[in-house]
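Please keep the structure in view while going through them.

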Amino acid sequence: MKAFTSNWLCISVLALVLWPTLCLAQVAGPYSDAEAARFLAQATFGPTATDIVHLRQVGYQAWLNEQLAAPVSTQKPYLDWVAGLPNVPDGNNTVNDDTRMEAWWINALGTPDPSRGKRVATDQLRQRVAFALSEIFVVSNANGTLAYEPYALASWHDMLATDAFGNYRSLLEDVTKHPAMATYLSMLANQKADPTQNIHPDENYAREVMQLFSVGLVQLNPDGTPKLDASNQPIPTYDQTVVRGMAAVFTGWNWNNTSCVTGSWTCCAADTYTNCGPSNTNDPAWWNPLQPVADFHDSTSDKQLLNYPGVALSNGILAHGGDARSEMTATLDNIFNHPNVGPFIARRLIQRLVTSNPTPGYVRHIAQVFADDGSSAHVRGNLQAVVQAILLDPEAVIGASYVPNPDAYGKLREPLLKLTHLWRAMAAGSQNGRVDTPYPEWESSYGQAPLRSPSVFNFFKPDFQQPGELRQRGLYGPEFQIHTATTAVAIPNDIFHRIFCDYTTSTRCYTSSGPNTMSINADRDAALALNNPAGLVDLYNLLFMSGQMSSFMHSTLLTRLNALTDNSAGDLGRQRVQHALYLIINSPEYSVQK
Amino acid sequence: MPISRREFLRRSMYATLGGVGLYSGFGNLRLLQAAALQSNYAFSDYKALVCVYLYGGNDGFNTIVPYDSATYATYAGSRAGLALAQADIQANNLTPAAFVGGLPGGPPSDGAAYGLHPAMPELRGLFNAGHAAVVANVGSLLYPITQQQFQQGQVPPPPQLFSHDDQTAQWQTSRPDDANANGWGGRIADVLSSGNANPQFSMSMTLSGTNLFQRGAMVNQYAIDPGGVQAMSYLGNGLESWVAGGTTDDTNAYNALIRGPTPSNALERAFAASSSSAIDYYTVLIDALSQAPALTTTFPDTELGNQLKMVAQLLQVRAKLGANRQIFFVSAGGYDTHTDQLAQQQANLTQLSQALSAFYNATVALGLDQKVTAFTASDFGRSLSVNSGGTDHGWGGHHFVVGGAVRGQRFYGAMPSLLTTAAGNPNDTGYGQIIPTTAVDQYGATLASWLGVNGSDIASIFPNLGRFNSSNLRIFG
């Protein structure tokens with residue numbers, strides 16, 4: 001820890017303003033397996049023994065460089081592969097939203113991908129950030145249309161993964177033009193005002209792109225705290241005139257016509273505006289960006305956009321006369337350059353990866369990197385730099401002892417990430433490489449599943465406060481919104497099934513020997529558990545809890561494991577592994593990543 | 001600023017116990033919670049409110065629709081491509097009762113003839129039989145506000161109008177002036193809980209997950225899965241307990257971890273508290289539900305139908321839970337009909353009508369129809385103007401109150417004009433949204449008062465209520 005601390009000396013000497021440029025390259029470490037495991041819990045879907053060794057060998061920055069260079073693992077090829085399988089057994093080649101979930105698991109876990117010759121995805125950080133982005137830029141299958149469009153949702157996630165280390169401005173444009181989003185927030189076939197039909201442009205996307213994806217409702221200081229007016233009230237970022245202005249901008253966009261000429265579906269044009277579009281779930285219109293139809297774009301009104309100090313458009317007003325493309329470009333630039341975007345996105349990404357209650361200093365640092373990546377080109381919106389800064393900030397790397405309120409540091413682990421962690425740490429896999437869909441579905445047990453949020457407001461909100469001490473102290477805990485009395489039982493019960501039913505060679509339960517069933521490799525640690533239960537607890541303390549287990553918890557686990565003594569079936573070691581895993585994953589100490 | 005007794009107690013608790021001790025175990029939490037609850041309520045009878053929340057913003061103007069020729073023509077002119085057929089509305093007409101005894105509640109204020117969306121024959125039946133009422137043009141308000149006052153900025157409207165998240169919060173808290181407020185259902189529970197024989201068992205139950213409506217200062221909402229209450233497999237009484245677990249060593253280890261020494265991290269304390277209380281609650285509930293007879297009422301197998309069915313099952317076991325007052329929360333999504341509204345609303349309202357009707361029938365079968373009131377709430381009404389194929393976020397909208405205690409077959413509040421903005425609609429913001437004429441505060445206070453909240457607590461739960469012309473809509477006489 002001493003050597004480690006010296007690397008942070010620059011913090012105390014230099015103003016934080018200089019931090020990104022002067023200190024970023026100097027973050028050394030990790031100096032222990034525990035530090036490595038802790039970092040991997042923030043940056044991946046869960047540490048494995050192999051990853052800990054590797055990270056210790058190469059160090060944080062080299063590991064990040066490897067991750068930035070790793071090829072993108074996408075989901076769409078998996079859907080194509082499944083579609084091409086023989087339909088034996090019945091339903092084997094069905095492509096639906098569960099198929100998309102399989103692809104998500106395979107990429108998130110890094111299990112051998114049967115659709116690509118058992119290739120193992122190596123882009124853990126990218127997939128982890130894409131998952132975080134999917135909880136900020138929300139589209140969902142909980143939608144009458146998208147529920148049946150796995151290609152649209154797969155390509156949405158592929159877009160997030162591809163853009164995760166790109167520029168926020170590109171991401172914002174890809175989000176805006178993606179048919180999944182256009183379907184979800186009804187920008188698709190939005191049209192200019194038509195007084196004869198009492199039609200106004202649809203305000204749905206205009207409102208949410210500001211409220212949820214970029215600037216938020218109230219003006220922020222660079223450290224993410226709200227600006228207050230003379231009477232101590234927050235100041236709105238925009239008003240209804242801006243919503244209307246942007247609604248008018250986002251008119252005249254429709255399906256991408258590529259491939260409509262084949263005659264399989266109606267091309268979009270002025271005379272087919274409201275009744276065109278793809279007919280099959282794998283028509284490219286479900287992933288190609290929208291295209292404009294000029295007749296339905298409002299090119300005649302001046303549009304009030306965001307107005308802020310330094311805004312490029314005079315008073316934030318976009319003068320009329322532009323076409324759909326040029327007005328969208330001007331509008332996304334107008335949003336992108338608003339000073340709120342940095343602190344807004346910074347806080348959300350920090351909450352997804354590191355801690356629910358970042359200090360203002362942490363948010364300010366990340367917002368500064370968002371504003372200027374420190375390169376000679378001084379790029380704004382460089383997400384690659386933002387992600388690295390989030391993970392290498394002392395508040396992430398040092399943790400609780402670095403912040404003024406150490407007992408409020410960390411985040412409740414997202415329920416689904418408990419399962420990714422279990423499966424990765426325990427080398428889980430299935431016989432045929434596919435991933436079985438449980439009943440009830442993932443989101444029913446865990447309260448979440450990728451691209452299955454109940455609404456555009458995600459499974460939980462950034463400002464959720466659990467009643468009781470957290471709310472009393474003004475502390476946020478987004479994930480607590482889905483930690484209800486229902487999930488507090490359903491999650492441990494699903495974890496129970498994964499551990500006690502589905503292990504390699506198991507025939508214990510109905511699911512245990514299915515070809516698609518994910519099984520943990522409990523036998524890997526059975527010998528250790530048999531001969532040295534304390535050693536097993538130490539190993540799992542590292543893999544699951546970054547070495548943070550209290551002595552009380554350690555002794556509680558050891559007492560439980562030592563009380564298991566019957567080895568008449570030769571499975572005592574495995575049983576100890578199972579009990580240790582179950583008790584750890586459902587414990588309060590493990591459940592908070594810190 | 002004066003501090004209420006409850007708030008004083010709460011602050012004292014934190015001061016003396018330092019916040020940490022409070023969470024040292026469920027038992028302590030219960031003791032303290034009970035001590036901090038007001039003790040000036042005692043009930044010998046039973047009553048329950050059921051909030052039926054329609055996420056997304058229901059279009060009230062295509063839910064309750066005029067069918068007389070003149071008003072229909074106005075409606076059809078505004079709604080253009082979204083207008084429902086006149087004959088379909090007439091076939092599902094409402095037959096309101098006359099005003100009596102100088103009380104509010106009677107035929108619609110505009111003198112027009114209204115019917116329900118054709119997807120709602122069941123609810124029409126309840127209305128015409130006197131078991132349901134319409135509350136017109138309800139919405140979140142800071143003050144009563146006219147078109148002129150709104151357009152000229154003379155009276156402040158609620159902040160962030162037309163935003164889902166904010167309007168939902170304002171509906172569920174009735175406090176547009178306090179973004180940090182608890183829900184009004186939660187605030188009611190905070191004061192009424194002490195009247196329950198077993199106040200440790202939360203009087204706020206949700207069938208659709210965590211919601212703001214039921215967030216209280218003292219009473220935590222208890223979430224139940226509509227499919228039933230699960231127990232923990234590892235603790236020996238769950239679905240897969242036959243696989244493993246269930247020994248004394250197992251339960252001791254598990255309990256030690258979630259109820260053992262107070263964790264040093266605040267998030268861990270919160271996790272431990274909710275994990276352990278979940279187990280305490282299900283132990284009571286599963287036992288109670290297992291002894292209850294099957295419901296005789298058939299419920300539709302839909303999102304709302306299944307939630308309301310579980311509410312009916314919980315009503316059956318109210319005595320076992322020691323409940324004299326309860327508030328339930330159920331919800332359905334899909335009401336944000338920007339596009340494809342005709343088809344979507346048809347499905348939504350079919351589900352709503354069938355579920356509400358089944359639920360009312362169940363309360364009759366349980367002999368509780370006078371004791372249980374269901375009411376609708378939603379983010380906002382929708383714009384009278386249209387998008388292509390749908391409607392945009394609006395403000396005021398119409399709502400239903402259903403139950404045997406309701407002075408039904410009546411419209412409460414003022415029906416808004418259905419003219420287009422261009423034609424000079426006096427209720428219009430100027431862009432197609434309708435300005436509410438009844439505040440959520442009035443709606444909530446009326447329901448709270450029926451549930452048994454006294455006048456001084458009504459005033460503290462709904463502090464802005466005095467700004468409006470009546471503090472009780474007299475839906476219950």
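1. In this predicted model, the largest nonpolar core holds 296 residues, and those with the most contacts inside it are I366(A) and I390(A). Helix α10 of chain B, residues 266–290, gives the most to this core, with eleven residues. As background, nonpolar side chains tend to be buried together in soluble globular proteins.

2. Which residues surround I390(A), once its neighbours within four places in sequence are left aside? I390(A) is then in contact with L349(A), I350(A), L353(A), V354(A), I366(A) and A396(A), and I366(A) is itself one of the two residues named above for having the most contacts inside the core.

3. Where the chains meet, 65 residues of chain A are in contact with 71 residues of chain B. Several helices of chain A each supply at least two residues of the side that touches chain B, among them α13 (204–211), α26 (551–563) and α27 (572–585), but the largest share, nine residues, comes from α23(A). By class, this side of chain A has 28 nonpolar, 27 polar and ten charged residues.

4. Helix α23(A), which covers residues 487–501, deserves a separate check. At 1.5 Å a residue, its 15 residues should span 21 Å, and the end C-alpha atoms of α23(A) are 20 Å apart, which agrees. Is this helix buried or exposed? In α23(A), 15 of the 15 residues are buried, so the helix is largely enclosed by the rest of the structure.

5. In chain B, strand β9 (residues 382–387) has six of its six residues buried, so β9(B) too is largely enclosed by the rest of the structure.

6. On confidence, the model scores ipTM 0.95 and pTM 0.92, while chain B averages a pLDDT of 91, with 92% of the residues scoring at least 70. Over residues 1–35 of chain B, however, pLDDT stays under 50, and for this stretch the model has 39 contacts beyond four places in sequence. Where pLDDT is low, the predicted coordinates should not be read in detail.

Terms used. Residues are numbered from 1 along each chain as its sequence is written. Chains are lettered from A and ligands numbered from 1 in the order in which they are written. This is a predicted model: local features need pLDDT of at least 70, side-chain atom pairs count only at pLDDT 80 or more; totals for chains, interfaces and linings use all residues. A residue is buried if 20 or more other C-beta atoms lie within 10 Å of its own, exposed if 12 or fewer, and partly exposed in between; C-beta atoms are placed from the backbone. Helices (H or I, at least four residues) and strands (E, at least two) are DSSP runs, numbered from the N terminus. Two residues are in contact if their C-beta atoms, placed from the backbone, lie within 7 Å. Ala, Val, Leu, Ile, Met, Phe, Trp, Tyr, Cys and Pro count as nonpolar, Asp, Glu, Lys and Arg as charged, and the others, Gly among them, as polar. pLDDT is the predictor's confidence in each residue, from 0 to 100. A nonpolar core is a set of buried Ala, Val, Leu, Ile, Met, Phe, Trp, Tyr and Cys residues joined through C-beta atoms within 7 Å. The expected span of a helix is 1.5 Å times one less than its number of residues.
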